[in-house]
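Let's take a walk through this structure, starting with the overall layout and ending with a couple of individual residues. Have the model open as you read.

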Amino acid sequence: MSSNKYFKTEGPWSDAKVEILCSDTGSWRSERPVVNEEECILCGFCAIFCPIQIVKEQTNCFSSDLAFCKGCGICAQECPTDAISMISEGEFK
Ligand code: SF4
Ligand code: SF4
């Protein structure tokens with residue numbers, strides 16, 4: 001996967017090299033995925049199904065890049081162990 005200055009991690013868009021497609025989430029996401037590390041089995045399904053490919057493997061679990069995450073919840077729906085909870089952004093303010 002290539003990257004460029006506009007799309008630091010977004011795979012499907014990363015070859016476009018067109019600034020107008022830059023889609024940092026900023027402040028408009030209503031929910032964010034939060035991973036319970038105790039329940040994560042490191043299967044990688046969340047990374048596979050994330051439509052913008054911003055879920056990365058960490059030491060003990062997978063987590064999303066919140067600069068790009070849109071809060072769609074697909075990762076949480078696909079997680080086989082329900083390790084991902086979609087939490088209201090209001091909880092983090
Ligand atoms: S889908 Fe769930 S269990 Fe699998 S890596 Fe992602 S958070 Fe962990
Ligand atoms: S909520 Fe959507 S955009 Fe964010 S990490 Fe999960 S699948 Fe990707």
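This is a predicted model: local features need pLDDT of at least 70, side-chain atom pairs count only at pLDDT 80 or more; totals for chains, interfaces and linings use all residues.

Residues are numbered from 1 along each chain as its sequence is written, chains are lettered from A and ligands numbered from 1 in the order in which they are written, and side-chain values use heavy atoms, with hydrogens and water left out.

The chain holds two helices and four strands, taken as DSSP runs numbered from the N terminus (H or I, at least four residues, for helices; E, at least two, for strands). Starting at the N terminus, their order is β-α-β-β-α-β. Of the 93 residues, 33% are buried, meaning under 20% relative accessible area, with exposed over 50% and partly exposed in between (1.4 Å probe, protein chains only). Take the contacts (heavy atoms within 4.5 Å) with a separation of 6 or more: 58% of them join residues 24 or more positions apart.

Now for the inside. The largest nonpolar core has 14 residues, and among those with the most contacts inside it are Cys46, Cys50, Ile54 and Phe62. Helix H1 (45-49) and helix H2 (74-78) are the elements that give two or more residues to this core. Such a core is a set of buried Ala, Val, Leu, Ile, Met, Phe, Trp, Tyr and Cys residues joined through side-chain atoms within 4.5 Å.

On to the ligands. Ligand 1 has 13 residues around it (a heavy atom within 4 Å), and Cys40, Cys43, Gly44, Cys46 and Cys79 come nearest. Ligand 2 also has 13 residues around it, with Cys50, Cys69, Cys72, Gly73 and Cys75 coming nearest.

Ser64 belongs to strand S3 (residues 62-64) and is buried, at a relative accessible area of 18%. Beyond its neighbours within four places in sequence, Ser64 contacts Pro33, Ile54, Val55 and Cys69. Met86, in strand S4 (residues 84-88), counts as partly exposed because its relative accessible area is 22%. Leaving out residues up to four places away in sequence, Met86 touches Glu31, Arg32, Pro33, Gly71, Gly73 and Ala76.
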